[in-house]
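I opened the file to look up a handful of side-chain features and write them down. The entries below follow the order in which I checked them.

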Amino acid sequence: MIRRLAASAVLSLALAACGREAAEAPEPEPAEPVEQVAVARDFAPTESPTLQAVRRRGHVRCGVHSGLAGFAVQDVRGAWRGFDVDICRAVAAAVLGDADAVRFRPVSAQNRFAELQEGRIDLLSRNTSWTLSRDAGLGIDFAGVTYYDGQGFLAPRSLNLTSADELNGARICVQAGTVAEVNLADYFRARGLEYTPVVVDSEAEARSTYEAEACDVFSADVSALASARSITNNPNAHVILPTVISKEPLGPAVRQDDPAWTDIVRWTINALILAEELGVNSTTVESSRETASDPETRRLLGVDGELGALLGLEPDWAFQAISQVGAYNEVFRRNLGADSGLKLERGLNALWNAPDPGLLYAPPAR
């Protein structure tokens with residue numbers, strides 16, 4: 001009994017000692033807080049030799065189509081008008097503050113890339129498709145997509161055609177030196193169909209050859225076909241078939257040796273797209289600069305931030321492009337859409353967040 005009491009006492013003392021040690025043990029020191037290191041953002045503009053040359057001479061040299069209704073054409077007074085023309089004018093407004101500070105140089109499908117490569121133009125804005133071989137193999141860069149297109153077929157309504165698959169054995173007009181030749185061959189070969197290519201040097205010659213019935217149908221980008229149809233003797237006598245056989249992302253090209261100039265052209269295009277998305281246009285941009293509370297609108301219009309300086313431009317670069325040329329929807333409407341002879345729907349060229357969404361999307365201005 002005594003031994004049991006002694007053992008119990010020893011156990012009690014041991015437990016008490018453990019309790020004191022636990023109570024007296026120092027609390028672990030809190031871990032050192034992880035220092036939040038800010039990422040350095042030493043943004044600085046890159047010098048652009050092309051921009052410097054443009055400023056010295058006082059104008060942008062822009063290569064355009066010699067005559068494609070809706071995209072590039074001279075009016076009766078000799079003034080250039082059209083969708084591609086307006087892209088050039090927007091760049092001039094952004095870099096020089098004057099949308100009229102452009103010298104337009106008509107270039108053909110065959111010599112357009114040489115004109116750019118050899119420095120006779122600063123910017124090629126001529127319904128040109130962005131493809132891997134052109135982008136990687138010609139020493140040029142595409143600054144963006146201004147018009148999403150695809151290759152189609154223009155045919156006489158009287159033929160009652162509903163698909164390109166009904167064209168077996170047809171004579172098809174197609175322009176030399178374009179991807180349309182390759183697309184056409186690929187499409188017919190893949191389906192085991194026969195056709196006779198009628199290769200001509202220009203859209204104008206293709207249209208006249210088609211109207212003279214020296215070929216059965218005319219194949220080109222759908223936008224070019226709409227342009228050709230709009231100036232035929234009887235536009236209603238011709239139909240664009242629903243078959244689209246390719247993707248043709250059209251956009252301006254620049255030389256690959258001046259990435260800063262590529263940025264300037266790219267962000268001028270983006271500014272027009274963002275203006276539409278932000279609800280700004282040529283008639284409201286002045287008041288928007290005074291009243292806008294949206295941070296992106298204020299940055300885009302040069303009220304806040306220094307985005308213009310990063311491009312080597314004035315703070316109001318985007319304001320000038322939008323006020324003098326218009327937001328993307330204005331440019332589209334007057335040249336290709338409801339206010340033009342082409343009456344094209346926005347389709348793929350609608351904004352990404354439109355009620356009937358398209359592919360048009362610009363990165364944020366921040």
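**Aromatic pairs.** I searched the whole structure, which is a predicted model, and got 11 aromatic pairs. One of them is Trp80 with Phe104, a tilted pair at 6.1 Å centre to centre with 40° between the planes. Is Trp80 buried or exposed? I got a relative accessible area of 15% for Trp80; the cut-off for buried is under 20%, so Trp80 counts as buried.

I then took Phe188 and Tyr195, which also form a tilted pair, 4.6 Å centre to centre and 40° between the planes. Phe188 is buried, at a relative accessible area of 1%.

I also noted a cluster: ring pairs connect Phe71, Phe83, Tyr147, Tyr328 and Phe332.

**Charges over rings.** Phe332 came up again here, with the charged end of Arg346 over its ring, 5.3 Å from the centre. I found a second case at Phe319, where the charged end of Arg289 sits over the ring at 3.6 Å from its centre.

**Disulfides.** How many disulfides does a search of the whole structure find? I got 2. I kept in mind that a disulfide is a covalent bond between the sulfur atoms of two cysteines.

Cys62 and Cys88 make one of them, with 1.8 Å between the sulfur atoms. Cys62 lies in strand β1 (residues 60–64) and Cys88 in helix α3 (residues 83–96), so this bond ties together parts 26 residues apart in sequence. I checked burial at both ends: Cys62 is buried at 0% relative accessible area, and Cys88 is buried at 0% as well.

Cys173 is joined to Cys215 by a disulfide, S to S 2.1 Å. I read -105° about the S-S bond, and this link is left-handed. Cys173 is in strand β9, while Cys215 is in the loop between α7 and β11, so the pair ties together parts 42 residues apart in sequence. Cys173 is buried at 0% relative accessible area, and Cys215 counts as buried at 3%. With the bonded cysteines numbered in sequence order, I wrote the pairing down as 1-2, 3-4.

**Helix α7.** I went on to helix α7 (residues 203–211), where Glu203, Ala206, Thr209 and Tyr210 are buried. Seen down the axis, the buried residues of α7 fall within an arc of 125°, so they line one face of the helix. What do the buried residues of α7 pack against? I listed β8 (151–156), β9 (170–175), β10 (195–200), β11 (217–221) and β12 (238–240). Just after α7, I noted a positive phi of about 65° at Glu213.

**Gln324.** Last, I looked up Gln324, which lies in helix α13 (residues 317–325). Gln324 is partly exposed, at a relative accessible area of 29%. Its side chain makes a polar contact of 2.8 Å with the side chain of Gln320. Leaving out residues up to four places away in sequence, I found Gln324 touching Arg89, Ala93, Gly97, Asp98 and Ala99. I also checked Gln324 against Asp86: the two are 238 residues apart along the chain, and their C-alpha atoms are separated by 9.8 Å.

Note on methods. Residues are numbered from 1 along each chain as its sequence is written. This is a predicted model: local features need pLDDT of at least 70, side-chain atom pairs count only at pLDDT 80 or more; totals for chains, interfaces and linings use all residues. Side-chain values use heavy atoms; hydrogens and water are left out. Helices (H or I, at least four residues) and strands (E, at least two) are DSSP runs, numbered from the N terminus. Buried means under 20% relative accessible area, exposed over 50%, partly exposed in between (1.4 Å probe, protein chains only). Contact means heavy atoms within 4.5 Å. A polar contact is a pair of N or O atoms within 3.5 Å; within protein, one must be able to donate a hydrogen and the other to accept it, and residues adjacent in sequence count only if both atoms are side-chain atoms. Rings of Phe, Tyr and Trp (its six-membered ring) pair if their centres lie within 6.5 Å; planes under 30 degrees apart count as stacked, over 60 as edge-to-face and the rest as tilted. A charge sits over a ring if NZ of Lys or CZ of Arg is within 6 Å of the ring centre and within 35 degrees of the ring normal. The arc is that of the directions from the helix axis to the C-beta atoms. A disulfide is a pair of cysteine sulfur atoms within 2.5 Å.
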